[in-house]
Amino acid sequence: MTTTQSHALYERAVRVTTAGVHSNSRARKPYPLYFQRADGPFVWDVDGHRYIDLGMGNGAILLGHNHAAVQEAVARTLQSGLTTGLESEIAVRAAELFVKLVPAAEQVRFTNTGTEALLHVLQMARAYTGRRKIAKVEGAYHGWADPVFVSTWPNLALAGPDGAPVALPGTGGLDPKIVRETLVLPLNDLAATEALLSQHASELAAILVEPTLIDAGFIPAEREYLLMLRDFADKTGTVLVFDELLTGFRLALGGAQSYYNIQADLALFGKALGNGYPVAAVAGKAAFMEQSAPGPGNAAFVGTFNGHAVVMAAVEASLQELASGEAVALLQTRTHALIEAFAASAKRHGVPAQMQGCGGHIHWYFTGEPVRTYRQAARASSQRYSAFVDVLAESGFLVSPNYLLHHAISVAHNDATLEALAEAMDRGLAAAAQTEE
Ligand SMILES: Cc1ncc(COP(=O)(O)O)c(C=O)c1O
């Protein structure tokens, strides 16, 4: 397949844009692809090739690209001339609908990115508790801020004992003092986590957890684990924060908090909230949300583009589409069918592998052992994963070469696309079977 136009664009881009991309996650060797159009499950690159997208904006585009109702709402709002710096009725309606759909949220405030929402939450938790320290789970990604880009995809050789992970910087440029300050928890290890939390109980402002580690593939937190965190937070007055950027609207309409029937004090949302438009949210119990109201000692909550009218139109339209629950139910059924097809193929080809996922998030682990922790995920075979996704790529799917990054389908991935995916997965497994671990 020739991608000469992408190559040419890369040559231009790299002169004016570092690495030729605006997010390092899009960098590719020898050069990234550049795109010109998207519709439903499809994207077209600048050379005119059509792909079935399995990235879907890092899981953000739940309804499919170019969704009619979302695009119409955006276009209508563009006509009004409203953009940012002012409150609008659209933002009020979007917040009302959000609070209706997410039972754990009494209040919500919108920001632009998950990283910003996370920074707000950390300040709010510190304002509420008067404490400083943050606990997070090994392998979880919560954005690129210093206290949380810690032990995100850590090198196992440096990561310390299973039950007491060492806090490792996720990138250069972080303040080592802040990194060291973060307490790193081993997911689904109740005893070790409880011991670590107890040692630091008097210093902890927040426990931050992604109820399913989706940036490490798809690793569900066990319910008992989340219940233990809830209990610890209640007993010690620590703020329990769920990062629902990816679980939101996919595990259940009300997010992981509905799925597990466990309420966090504060939660972060984003991604599917705007079906591709830049938005995130902090939501939760009023007593905690009030920590960000204007007032002495409270945390800041400010942003030039917060509650942008055009983005709010996308949020309202996306939430209206989700409100019946049909979209989430459909995605869950389809994800389940793909998982079953994969399991049957893996068995037939004799490959120790498993597909995990829910609500359109999907991931393939090439390992025989059930994946309950980041460390198990990291030990899965990256070689077999590569052999597998290479076949998917040759079959017209847009996939990530990174064996720890998840994929996603949308409501627009219809039966025909998913049949094609099941067939490609079968051929991919045949290739993986021929590959050394
Ligand atoms: C679970 C999770 N939290 C936070 C973030 C950060 O969000 P953003 O990229 O909007 O800053 C991401 C982004 O991938 C994410 O997946």
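Predicted model: local features only at pLDDT ≥ 70, side-chain atom pairs only at ≥ 80, totals over all residues.
Entry: I looked at Thr 115 and Tyr 141. Thr 115 has a polar side-chain atom 2.8 Å from an oxygen atom of the ligand. Tyr 141 takes part through its backbone: a polar atom there is 3.4 Å from a nitrogen atom of the ligand.

**Entry: the shell.** I listed the residues around the ligand. Among them are Thr 113, Gly 114 and Thr 115, then Tyr 141, His 142 and Gly 143. Glu 210, Asp 215, Asp 243, Leu 245, Leu 246 and Lys 271 also belong to this list. Sorted by class, I get three nonpolar, five polar and four charged residues.

**Entry: a sheet.** I then turned to an open sheet of three strands. Its order is β13-β14-β16, and the pairing is antiparallel. Which strands are at the edges? They are β13 (354-358) and β16 (407-408), each of which pairs on one side only.

**Entry: β13 and β14.** I looked up how β13 joins β14, residues 361-365, and found five bridges between these antiparallel strands. Cys 358 stands opposite His 361 of β14.

**Entry: a helix on the sheet.** Last, I looked at α12, which spans residues 326-349. Helix α12 lies across β13 and β14, and runs at about 175° to β13.

Methods. Residues numbered from 1 in each chain as written. Heavy atoms only, no water. Near = heavy atom within 4 Å. Polar contact = N/O pair within 3.5 Å; in protein donor to acceptor, adjacent residues only side chain to side chain. Nonpolar A, V, L, I, M, F, W, Y, C, P; charged D, E, K, R; others polar. Pairing = 2+ DSSP bridges. Helix = DSSP H or I, 4+ residues; strand = E, 2+ residues; numbered from the N terminus. Contact = heavy atoms within 4.5 Å. Axes fitted to C-alpha atoms, helices over the stretch in contact; angles between N-to-C directions.
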